[in-house]
Amino acid sequence: LPLTIWGEALTHAVYTRNRMPHATLNNQSPYEVLTGEMPDLGYLQLFGSPAHVFVPEERLKMKGKLLAGSVEGFLVDYGQQRNHYRFWIPSLHRVVIS
C-alpha cells in the first residue's frame, strides 16, 4: 500500500486497540470504560484484506451490463457508521466507503 495510506493504518490500529482488553483497566477495553457497554467485535477485519468493492461511478463508465460492477480493493479502515468500511482502490488511487 502507498505511503498516503499510513494515516488510515494508524486509525485502524487505534480503533482496534481501543476495543481490546487492557490489564491496567481491570481487563476492560477503553471503549467499555468510556461507554459502559461491551464492544461488538464481530465486524472487525484485518487491515489490508483484499476485497471486491462495488463502485457505482466506475460502473457508469463501463459499457455493457455484463461487465463487472466491482473493483479490487483493500480494507484500510472502518467508516463512521457501524456497517461501513473504507477501502483503498489502487486502480482509482483513492479511498472509498462501502
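Predicted model: local features only at pLDDT ≥ 70, side-chain atom pairs only at ≥ 80, totals over all residues.
Trainee: What makes β1 and β2 a pair, and in which sense do they run?

Mentor: They share five bridges and are antiparallel. Two strands pair if DSSP finds at least two bridges between them, so five bridges qualify β1 and β2.

Trainee: Why is β3 called a strand?

Mentor: Strands are DSSP runs of E with at least two residues, helices are runs of H or I with at least four, and both are numbered from the N terminus. β3 spans residues 85-89, so the label strand holds.

Trainee: How many bridges tie β3 to its partners β2 and β4?

Mentor: Four bridges join β2 to β3, antiparallel. Tyr-78 stands opposite Tyr-85 there. β3 and β4 also pair antiparallel over four bridges, with Ile-89 facing Arg-94 as bridge partner.

Trainee: What makes β1 and β4 edge strands?

Mentor: The open sheet has the order β1-β2-β3-β4. β1 (50-54) and β4 (94-97) each pair on one side only.

Trainee: How is helix α1 placed against the sheet?

Mentor: α1 (residues 6-17) lies across β2 (70-78), β3 and β4, at about 55° to β2. Axes are lines fitted to C-alpha atoms, for helices over the stretch in contact (heavy atoms within 4.5 Å), and angles run from 0 to 180 degrees between N-to-C directions.

Terms used. Residues numbered from 1 in each chain as written. Heavy atoms only, no water.
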